[in-house]
Every structure is written in C-alpha cells, then in structure tokens.
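Me: I have some questions about the terms used for this model. Please set each value against its cut-off.

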Amino acid sequence: MEFREKIESLIGEFLQEREDLFLIDLRFSASDDITVILDGDQGVTLQDCLDASRAIEFNMDREEHDFSLQVMSAGLSEPLKSERQFRKNLGRELDILLTDDTKVEGELLKMDEKCITLVLRYRKPKDVGKGKVDVVEEKEIPYTDIKKALVAVKF
C-alpha cells in the first residue's frame, strides 16, 4: 500500500471508531509533512488529537518512510466545509463570502443537504422620510454559491 493511502486508511479506521469526530482536511507536503484537521459534533479535545496521532504513528514505520505529523482541531480561522460543520454551528453568526464575491453576515437558522438559511439583521433607509428602519429577513444560500464560510468572532 502506498504511503498516502496507508495514512488515509489509518485515519479512516480511527474515525470509524470515533463517530463523533470527522475529517475536515488531510494535507501532504512534498517533504511528507502530514497535517490532519479534525472537527467533532461536540468539539475536539487535546486527547482526541493525541488519539488520532497515535492511531497513525503507532501503525507506521519511520524506518520505512520518514514523515512528520500534525493533528489539530479546526480552529476559528478554518472555513466551514461540510454539512456536519454547518449543523454544529446552528444558531451562530457566520461571515460568508459568496462566489460572486459579495459578503453576507447572519445567524445560521437552518440547513439541509442543498442550502443554508441565514437570518439577516440590518438597517436600511426608510422608504418615506428620514431615518432608518430595522430589517430582519431570511436568506437561503445554496452550498454551491458559498466560496468561504467562517464563524463570526464577536468581542
């Protein structure tokens, strides 16, 4: 079995045992630096990362193939990629960049296999007279229209 296939197989076996976790990204550099990014329905602990690392490390022979391994959780800077990540973040504010390069910010209200629905809250000028009115609307966004989605960080 080829090196990359072996790593993919080992992480796959680990994730079958830990159904609460899922793979976000698996990267290989030209010098065989491996980066595994995990997420979980209830988050990812340090122990989860250690367990995943051990599942790979203990089943590979460094004499046969030298590599470095980094296992981490998907942080706030990692974009949401899977339906499972969107589901985990229901009720949270998202910053979304659409494929037409427009930006949308709103609360993730619901999601399904085709699209997400955001609650948008903003102020717009009154139709008549001066001043602004508060607007609350729901907007459906198909996954195919999302270029990048991040959980909004508010301080």
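Me: In which strand is T117 found?

Reply: T117 is found in strand 6, residues 115–125. A strand here is a DSSP run of E with at least two residues, and a helix is a run of H or I with at least four, both numbered from the N terminus. This is a predicted model, where local features need pLDDT of at least 70, side-chain atom pairs count only at pLDDT 80 or more, and totals for chains, interfaces and linings use all residues. Residues are numbered from 1 along each chain as its sequence is written, and side-chain values use heavy atoms, with hydrogens and water left out.

Me: Why is T117 called buried?

Reply: Buried means under 20% relative accessible area, exposed means over 50%, and partly exposed lies in between (1.4 Å probe, protein chains only). T117 has 4% relative accessibility, so T117 counts as buried.

Me: What is T117 in contact with, leaving aside its neighbours within four places in sequence?

Reply: T117 is in contact with E107, L108, L109, K110, E138, K139 and E140, leaving aside those neighbours. Contact means heavy atoms within 4.5 Å.

Me: What lies 2.8 Å from a polar atom of the N89 side chain?

Reply: The backbone oxygen of Q85 lies at that 2.8 Å distance from the side chain of N89.

Me: Why is D41 called partly exposed?

Reply: D41 has a relative accessible area of 31%, which is why D41 is partly exposed. Its place is the loop between strand 2 (33–40) and helix 2 (46–57).

Me: What makes a polar contact with the side chain of D41?

Reply: The side chain of R84 does, at 2.8 Å. A polar contact is a pair of N or O atoms within 3.5 Å; within protein, one must be able to donate a hydrogen and the other to accept it, and residues adjacent in sequence count only if both atoms are side-chain atoms. Not counting residues up to four places away in sequence, D41 touches E19, D20, F22, R84 and K88.

Me: Why is D145 called partly exposed?

Reply: D145 has a relative accessible area of 33%, so D145 is partly exposed. D145 lies in the loop between strand 7 (132–142) and strand 8 (146–151). Leaving aside neighbours within four places in sequence, D145 is in contact with L97, L98 and T99. D145 and L97 are 48 residues apart in sequence, yet 8.8 Å apart in space, C-alpha to C-alpha.

Me: What makes a set of residues a nonpolar core?

Reply: A nonpolar core is a set of buried Ala, Val, Leu, Ile, Met, Phe, Trp, Tyr and Cys residues joined through side-chain atoms within 4.5 Å. In the largest nonpolar core, of 20 residues, I7, I11, F14, I34, V36 and I56 touch the most other members. Helix 1 (3–17), strand 1 (21–28), strand 2, helix 2 and strand 3 (68–73) each supply at least two residues of this core. Helix 1 gives the most to this core, with six residues. In soluble globular proteins, nonpolar side chains tend to be buried together.

Me: Which residues does I11 touch, not counting those up to four places away in sequence?

Reply: I11 touches L26, V36, A52 and I56.
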